[in-house]
Amino acid sequence: MDREKSEAAIQVTNMQTENRSSRSNYWLVLGVLLTLFSPEVLALEANEYRQFLGIDSRRLVWFLAQMHLFFGAFVLGVPLFAVIVEIVGWRNRDPKLDKLAYEFTSLLSVAYATTAALGGLLAFALFTLYPTFMGYMAGLFKDIMFLYALLFFAETFFLYLYYYGWNWLQGGLEFSRNLQWLFKGLGVAIILAGAVFLFGGFGLEMRGDTRSFIALLYILPLGVGLLILRDLKSSHIFIGILLNIAGTAIMQLANSWAGFMMSPAGVDEEGELIGTLWQVFENILATPVAIHRMLGNLAFGGLVAGAYAAVKFIGARTPAERAHYDWMGYIANFVAICGLIPLPFAGYYLGREVYSTSAVMGNNMMGGDFSWTFIIQAMLVGSLFLISNYYLWSGMTRIPGSERYYKYIKFILGALIISFAIWLTPHNLPLTSQEVGDMGGSQYHPTLKFMGLMPAKNAVVNLIILSTFFSFLLYRRGNKSEVVPISQQGRLPKVVISLAGLVAVAIVGQYAMGMLSLDPAELDLPADRAHYFRTVGYLLIFECVMAVLAVILALKDRGKLAQGLYMTVTALSVVLFLGVYGFVVMEKASPFLRNIAVSQFLQLISCIILVTAIDLYLFRGAKELGKLQWGKMTVRSQYALLLLTFVITMNMGLMGFIRSGLRGDWHIFGVMRDTSPWSYTPSNYTMTEMVSLAVLVFMVGVAFMFWLGGIAAQKKAPPSVPGTEPGQLTDQAGSQPASRTGD
Amino acid sequence: MRSSAILRVFVFMLVVLAAYLWVGQAITAMTGGERKAASVVEVTPEGGEAIFWGKGRCFTCHSLGGEGSAVRCPNLGQFGEKFPLAIGARAEQRAKERSDETGTHYSSTDYLVESLARPDAYLVEGYKNEMAIVYAPPISLNLTEIKAVIAYLQSQGGDLDLEGIENPGELAQTYYARIAAASAAGGGDPGNGEEMFVDTCSDCHTIQGEGGEVGPDLSSIGNKGLKFISESILRPARKITKGYETWVVVTESDERKHVGLKTEETSTEVEITKATGEVATIARDDIREIEQDEGASVMPDDLTEMLTVKDFQDVLAYLMMQKGEDGAEAETGK
């Protein structure tokens, strides 16, 4: 609810049509004027609150902010999705992927206008209902808010160019050699500068996460975009990259306001600016929230696109339509999973930084007002993974040859259900005296109490991710017969696999070194607890050795063995050993527990990187047992896809409630108190009511936009992409999408 | 597209949302509704109960017997073998332990006040020193609210002593002074403020005989009030203590500029102590120019960049407690 509040100041944007554009400009002017006349000293005045028609102001702002955020996530997530799909289509010379990207971009235009209108409404609500608070925020952030407004112009420009220039920039007209070299040179220079920046060559005064965010999401894509510039189509992709950079920057700026409200920096206890604007901007939680939101937006964009495909599939009249929308749903789900897998880790990092900001806030999050909200969150996130797996397994029915792998599904399902159950287990429940008596007088269940503790939960969340990854590997090799020896595939696979191994060793190895040299005093622990760190350090070194062994085996054409070995060792280490060892650490060296969680994450992510790299080449060009039969999916699987979208949307609303509610009775934590009549933490039921209402309105709104987009598409000819006629689609779809996007 | 498909999907969504609402409703029915921050003016167990389960956030770390679900910090009720006595009765035992350990007499009120004012003074075995400073943001309990919580805790199996809470002995009074000083400073944590001071300020400033001598002794700085201290940190050049003016000396021989305090002056030499602690002794014959810079302070001007809001409040709270020999810090016996 905080980003929402602050975002309001100038939340205005561009649109598809001139009418929409003029409407958004009105909101922009309003926002700028409100910003201009907002002095900083308002922070020192008593807070003023107003109401509109007697409505609870907080609920009104909550609803508007949630709606704005849903649409905002959609218009930030879908371009990410569209450009990724376009790039894959361009690299694989696949016109259908290009068409898919275009189809989603066309949906974006209407949503963009709605996002802007909602942003304006939210700005109005905030400035009129919370004048003191918003006056202070606008005064403090006025420079950033102006930049925010300018970025909207940039995003509008790039979106217009990206959407309307699709046909115009389809051609293969190549730039002159000199121009190509110029772009390449610029690209290389920017990438090198980004790498130097990333590794601390300059900008060391920044937080590491902010530096990484800027390097990886702005500088690197810009450099890569320039590097690939050689013709009209690559120019179009470059515009798409610029569109995403502008969108990401808008999000990051708005997140700095949300972060500031939770972890203010650069101001004194009365809110007066005593530091620099950069300090205010780069507060502790700004970047962790931005990272989490970025991944969330990617998953959300993918799943909303998936829901679109599912609805179209359910209502399809011909096999060709079913095939097209089945394939579209698959691609959307694939992109969503790519965002979902690292999301729990980003959430963990955000949670850790919340604790760093304030132990009180952290305790309130996990053990206070929001502990039960987190149980609901666990239900939703667990469902996301379970349903994603179900969708993948359903998808295997359209892959001839995948029957060979059905036997594994029951084990994966078992692992997921057990993990899910453990993840959901609360540490204790409010009990009657009778129930306490039945449990031997203890407040906690003799066995299940262990399942409610962090070591158990950390272990199972890793197992859930590993199981999902395993499902995906099975899906990918569904119709492939035998592996293709890597030694016969030239130099590239050897380089890629070796590099992936190097990355895995670097990720795990650097942390191992940290563990071996960690001084117990740094964690307020006595010297005799050092052996707990060393144990983990040696375990990580063993993991590095296994990574090297996996690379050697893969290069010696034993790729399957390499994957199996590395995944098994990782599962045993992360889930079994560290899962149990976590309890020991919790008892003997509790502050070290967070390092256990980090080491689990690093091993898992390294495993995913290396195993994926091996898998990329293991079945490359392998003989197929049959063509993929797009459209041969159950309707049930499409409801699963829809359910995924509903669940992620509900979860976004829930997490927004937690993040905002953590401030308790503070507008700005520790600086400006919330003295309004609504200064209390609402119940979980109130939360589900508000979120359900927002989800319902958002989904109806999105459906309406899709319908509008459909009408427009009927009137307009699609981009002239060869090979996309409906008749051709069924045949071709069967042969390519999985192997090109999944591979 | 068939309209029946849209309808089916819409109904499906309503079912999902209904399930979500049911979960929210069921959990709320089990765990309670909205949490309002109580505002208490009376020192009574009822007032303390409202603070314990509300504004004070005590329940996020402590359970009370079967009430609550937190396990991070000791259960304050009668609970299992580890806690055979509720905190009211337990405090009387602990008071004896503390009396034996420190040689100072503790009443149960003293023990409870100390637990809230300086939670690190006594740690229950098996638990970490991680209790929040309840009179610092974001909890920011005032002295009355803290007294109410003590009354509530005393009422848990112990003898409620409201008179003892309002007019306690010397030890508890010292802690009350500490809480009051911290509250006056915006509710900072003086313990953390001391650490910040040692890390950031003590190279130049002395408190109670410890620290550097480049800047003024701050052992009595608390007497000058919050505004003066706050200004001195944020805008050090605005009001400079006499004797700590900044001097600029330019030498004839190598044209070097020395900026710092004039710590010694004879007929033949001038001694300049720089902010780094480095001392430059300059012969008068070698001085080309010497003048006082009224717009500058030797104190670093980037302190605001080094301090977060919380750090600043903590340092303020610590400095507010420095009231010389008779000040609050001396009284704590630290």
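## Close-ups of a predicted model

Chain A comes out with a mean pLDDT of 83, and 87% of its residues reach 70 or more; pLDDT is the predictor's confidence in each residue, from 0 to 100. This is a predicted model, where local features need pLDDT of at least 70, side-chain atom pairs count only at pLDDT 80 or more, and totals for chains, interfaces and linings use all residues. Residues are numbered from 1 along each chain as its sequence is written, while chains are lettered from A and ligands numbered from 1 in the order in which they are written.

**View 1. Confidence along chain A.** Helix H21 (residues 530-555) of chain A has the highest confidence, at a mean of 94, and helix H27 (residues 737-742) of chain A the lowest, at 33. Helices (H or I, at least four residues) and strands (E, at least two) are DSSP runs, numbered from the N terminus. In chain A, pLDDT stays under 50 over residues 717-743, for which the model has 55 contacts beyond four places in sequence. Residues 35-44 of chain A also stay under 50, with 24 such contacts. A contact here is two residues whose C-beta atoms, placed from the backbone, lie within 7 Å.

**View 2. Helix H16 of chain A and its buried face.** The buried residues of H16(A) are A:Leu416, A:Ser419, A:Phe420, A:Ile422 and A:Trp423. Seen down the axis of H16(A), they fall within an arc of 160° (taken from the directions from the helix axis to the C-beta atoms), so they line one face of the helix. They pack against helices H15 (371-396), H18 (448-451) and H19 (454-476) of chain A. Turned away from that buried side are exposed residues A:Lys407, A:Lys410, A:Phe411, A:Gly414 and A:Ile417. Buried means 20 or more other C-beta atoms within 10 Å of a residue's own, exposed means 12 or fewer, and partly exposed is in between, with C-beta atoms placed from the backbone.

**View 3. Two loop residues of chain B with positive phi.** Most residues other than glycine have a negative phi. B:Gln208, not a glycine, has a positive phi of about 50°. B:Gln208 sits in the loop between strands E2 (206-207) and E3 (210-211) of chain B, and is partly exposed, with 15 other C-beta atoms within 10 Å. B:Glu255, also not a glycine, has a positive phi of about 55°. The loop holding B:Glu255 runs between strands E4 (246-251) and E5 (257-265) of chain B, and B:Glu255 counts as exposed, with 8 C-beta neighbours inside 10 Å.
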